[in-house]
Amino acid sequence: MNTLAKLRLHDLAPEQEDFRTAVLEGLTKPHKSLPCKFFYDAVGSALFDRICELPEYYPTRTEIDILTEAAPQIADLAGRGGVLVEYGSGSSMKTRLLLDALAPDVYMPIDISRQHMLGACHTLAQDYPALHLMAVCADYTRPFTLPRVARGGQRRLAFFPGSSIGNFAPLEALRFLKNVAHQLTAGDGLLIGVDLKKDPAILNAAYNDSAGVTAAFNLNLLARCNRELGTNFDLSAFAHRAFYNAAAGRIEMHLDSLRAQTVRLAGQAFEFTAGESIHTENSYKYRPDEFRHLATQAGFEPRQTWADTGELFGVLYLRRR
Ligand code: AVI
């Protein structure tokens, strides 16, 4: 059978934020910063896959365990068949758990990276020959309209795993959840993975792994600047630093300059003092009740929260009001 016959691409031709412009802006700020979305070039994506396998990085395996156990209940809540919509689809390991439990008529992955998404769709098309795939190339952090689907009824389950919601600041997270609510209709569901507040020692270990993979992931941002923008970052003169900021409820990742140095980009010189940092990522953690409150503000009714016995990670089923 031609598996591609069931694959459609709905291309919203998202504008990619220009890397050079973002780096120039970030290095010009009084507190230097770079947006974490630029971690994910080919090297960074491969390093992130390795992070997900690290003994210290509990979120991935914990979420998979929760989803595996809760899958029949999720199917009861969301209903079988229908449309499964995934924001930021990636390698689809977690998606497969839902495809198996819900047997949706249509799978609609949404990703800004067209080729990566289509590659994953080709594999899924082979493994799930009855499934209709409607790939949507879009920047899911901005409002857009989901394409209408001819089959599978109107019932939708949106899926946003991995605690990617944590990489938004709380107000951005609220805006994102409101966008999702706007794309769904009353009675539809959102299944979302959220990393929970916990003993800071566990959090600090997860972002300071002993094999140094998270450090390499963080430093790759500077390597990417050198590769793509011709900057002269000396990778040996910057150090990875990650810590839990309890007041803000987030892990912060930084790259600290180990000495006074000058970095050049587009004819401009950026001075670093010894110890000055570039803030590269925030990863917000929530208490279940805090996240349920945020979801309620966005137009959802929290229906079910699952967590592992250690209460490291939560998966919530939210119903669009
Ligand atoms: C993708 N995101 C949810 C990860 C996180 O935990 O915030 C990215 C990450 N950064 C360092 N390790 C993993």
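I began at Thr214, which, leaving aside neighbours within four places in sequence, is in contact with Ile51, Leu54, Ala206, Tyr207, Asp209, His240 and Met253. Contact here means heavy atoms within 4.5 Å. I noted that the model is predicted: local features need pLDDT of at least 70, side-chain atom pairs count only at pLDDT 80 or more, and totals for chains, interfaces and linings use all residues. Residues are numbered from 1 along each chain as its sequence is written, and side-chain values use heavy atoms, with hydrogens and water left out.

Is Thr214 buried or exposed? Thr214 counts as buried because its relative accessibility is 2%. The cut-offs are under 20% relative accessible area for buried, over 50% for exposed, and partly exposed in between, with a 1.4 Å probe and protein chains only. I also found a polar contact of 2.5 Å between the side chains of Thr214 and Asp209. Such a contact is a pair of N or O atoms within 3.5 Å; within protein, one must be able to donate a hydrogen and the other to accept it, and residues adjacent in sequence count only if both atoms are side-chain atoms.

Thr214 lies in helix α8, so I turned to the elements, which are DSSP runs numbered from the N terminus: helices (H or I, at least four residues) and strands (E, at least two).

**The three-stranded sheet**

I traced an open, antiparallel sheet in the order β7-β8-β11. Its edge strands are β7 and β11 (277-284), each pairing on one side only. Two strands pair if DSSP finds at least two bridges between them. Neighbouring strands are turned by 20° against each other on average, direction ignored. Helix α8 packs on this sheet and touches β7, β8 and β11, at about 60° to the direction of β8. Axes are lines fitted to C-alpha atoms, for helices over the stretch in contact, and angles run from 0 to 180 degrees between N-to-C directions.

How many bridges link β7 and β8? I found eight, in the antiparallel sense. Ala242 has Met253 as its bridge partner in β8, and Phe238 stands opposite Ser257. Four residues lie between the strands of this hairpin, where Gly249 takes a positive phi near 70°. On β7, the covered face holds Phe238, His240, Ala242 and Tyr244, and the uncovered one holds Ala239, Arg241, Phe243 and Asn245.

**The cores**

A nonpolar core is a set of buried Ala, Val, Leu, Ile, Met, Phe, Trp, Tyr and Cys residues joined through side-chain atoms within 4.5 Å. The largest one has 37 residues, and Val23, Leu222, Phe233, Phe238, Phe272 and Ile278 touch the most other members. Its largest share, seven residues, comes from α8. I checked Phe233: beyond four places in sequence, Phe233 touches Leu27, Leu222, Cys225, Asn226, Phe238, Val263, Phe272 and Ile278. Apart from this core lies another, of 36 residues, including Val83, Val149, Leu190 and Phe291.

**The eight-stranded sheet**

Leu190 stands opposite Leu318 in β13. Strands β6 (residues 189-195) and β13 (residues 313-320) run antiparallel, joined by seven bridges. Both belong to an open sheet of eight strands, ordered β1-β4-β3-β2-β5-β6-β13-β12, with mixed pairing. Its edge strands are β1 (7-11) and β12 (300-307). Helix α3 (residues 59-78) lies across β5 (156-160), β6, β12 and β13, at about 30° to β13.
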